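Work through the exercises below with the sequence and the 3D view open. Try each task before you read its solution.

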Amino acid sequence: MSSRRVVVIDDHDMFRAGVRSEIGASVDIVGEGNDVDSAVKAIVATEPDVVLLDVHLPGGGGTEVMKQVHQRHPEIKFLALSVSDAAEDVIGVIRGGARGYVTKNISGTELVDAINRVAEGDAVFSPRLAGFVLDAFSGAIDIASVDEDLDRLSQREREVLRLIARGYAYKEVARELFISVKTVETHVSSVLRKLQLSNRHELTRWATDRRLV
């Protein structure tokens, strides 16, 4: 079997370099991108077997990449590779057309296996994430209402929400996201207002009920 042709899309140069060094001997990495525009250009130019796609990208996110590519090349397969294991990210990207979703702590060998399986038409999920997808289809998670509420929040507000709900202090959130404590406070106030919640305890319960943490 010849090597699978793969495009790697992620907005962190170090991460793309790491993927290249980890799996470059087993697959043929034919292109890279770091935002929606460069991703679409690289994919359309090379027509790979599989695209490794980060969920959160500048310019519209991974779902926007899939939408633009699938208008021209519906046969190209996408495997989401992300640090996020939040239910709405997993379900959003599967709904957007990805054939699988794995988290970035996956080993190189497992990633090559996942790429091969997606190229052959299988769906591939990290074990915990498969549960989200099953729950979504069985109705255990009300995706429509989760989406509607989350659509009111900016990408940064979602990141702050998730970290606060996981019990991070404002200082820790600021350090994690490279923003000031004041900015964290502003985002939290905005999230509480948009979701009509009173305090961080309610926010944590809201996020936990929707499996966002």
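## Exercise 1: Strands side by side

Strand β5 (residues 100–103) runs parallel to β4, and four bridges join the two. Strands count as paired if DSSP finds at least two bridges between them. Helices (H or I, at least four residues) and strands (E, at least two) are DSSP runs, numbered from the N terminus.

The model is predicted: local features need pLDDT of at least 70, side-chain atom pairs count only at pLDDT 80 or more, and totals for chains, interfaces and linings use all residues. Residues are numbered from 1 along each chain as its sequence is written, and side-chain values use heavy atoms, with hydrogens and water left out.

Task: find the bridge partner of Ser 82 in β5, then trace how the chain crosses from β4 to β5.

Solution. 
- Step 1. Ser 82 has Thr 103 as its bridge partner in β5.
- Step 2. The chain leaves β4, passes through α4 and reaches β5; this β-α-β crossover is right-handed. Right-handed means that, with the strands pointing away from the viewer, the path from the first strand over the helix to the second runs clockwise.
- Step 3. Turn to β3. Four bridges join β3 to β4, and these strands run parallel. Val 50 has Lys 77 as its bridge partner in β4.
- Step 4. β3, α3 and β4 form a right-handed β-α-β unit.
- Step 5. Five of the six residues of β4 are buried, so β4 is largely enclosed by the rest of the structure. Buried means under 20% relative accessible area, exposed over 50%, and partly exposed in between (1.4 Å probe, protein chains only).

## Exercise 2: The core

Task: which residues of the largest nonpolar core touch the most other members?

Solution. 
- Step 1. A nonpolar core is a set of buried Ala, Val, Leu, Ile, Met, Phe, Trp, Tyr and Cys residues joined through side-chain atoms within 4.5 Å.
- Step 2. The largest has 24 residues; Ile 9, Ile 43, Leu 53, Val 65, Phe 78 and Tyr 101 touch the most other members.
- Step 3. α2 gives the most to this core, with five residues.
- Step 4. A second, separate core of 21 residues includes Leu 153, Ile 164, Ala 174 and Val 188.

## Exercise 3: An annotated aspartate

Task: locate Asp 54 and decide whether it is buried or exposed.

Solution. 
- Step 1. Asp 54 lies in the loop between β3 (50–53) and α3 (62–72).
- Step 2. Its relative accessibility is 5%, so Asp 54 counts as buried.
- Step 3. Not counting residues up to four places away in sequence, Asp 54 touches Ile 9, Asp 10, Asp 11, Gly 62, Leu 81, Ser 82 and Lys 104. Contact means heavy atoms within 4.5 Å.
- Step 4. An unreviewed UniProt entry annotates Asp 54 as "modified residue: 4-aspartylphosphate". UniProt positions are given in the numbering used here, feature names are shortened, and annotations may be inferred rather than shown by experiment.
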